[in-house]
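Dear colleague,

Please find the structure below, together with its sequence. I would be grateful if you read the notes that follow with the structure open beside them.

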Amino acid sequence: MQWLTRPKTIRLLWQGFIAVLVLVVLAELRIAHDAHFAVESWFGFNAVYGFLACAALIVIAKAIGLVLKRPDSYYDERD
């Protein structure tokens, strides 16, 4: 798995991921879809909505982690 740690490989992976994301958003121009709400008809709405939902889940998970976090010595035997 050393090839995954090379800077060149990481750069190529990022470029590939970005290219796929751009192609998926551009595919929206060719695919007809029915919008239930007016906001759904905006170009790129699904990409923005997915990004914001993912970011919100990360923030919520961080907040839950702060509440549920235990000290490192939590499982140590008590004297």
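Predicted model: local features only at pLDDT ≥ 70, side-chain atom pairs only at ≥ 80, totals over all residues.

Residues are numbered from 1 along each chain as its sequence is written, and side-chain values use heavy atoms, with hydrogens and water left out.

Glu 28 sits in the loop that joins α1 (7-27) to α2 (45-68); helices are DSSP runs of H or I with at least four residues, numbered from the N terminus. Glu 28 is buried but forms no salt bridge. Buried means under 20% relative accessible area, exposed over 50%, and partly exposed in between, with a 1.4 Å probe and protein chains only. A salt bridge requires a side-chain nitrogen of Lys or Arg within 4 Å of a carboxyl oxygen of Asp or Glu. The nearest side chain of opposite charge belongs to Arg 30, 13 Å away. At 3.2 Å, however, the side chain of Glu 28 reaches the backbone nitrogen of Gly 44. Beyond neighbours within four places in sequence, Glu 28 is in contact (heavy atoms within 4.5 Å) with residues including His 33, Trp 42 and Phe 45.

Leu 29 lies in the loop between α1 and α2 and counts as exposed because its relative accessibility is 62%. Its C-alpha atom is 44 Å from that of Val 67, 38 residues apart along the chain.

Ala 63 belongs to helix α2 and is partly exposed, at 40% relative accessible area.

Yours sincerely

Terms used:
Helix = DSSP H or I, 4+ residues; strand = E, 2+ residues; numbered from the N terminus. Lys, Arg positive; Asp, Glu negative; His and termini not counted. Polar contact = N/O pair within 3.5 Å; in protein donor to acceptor, adjacent residues only side chain to side chain.
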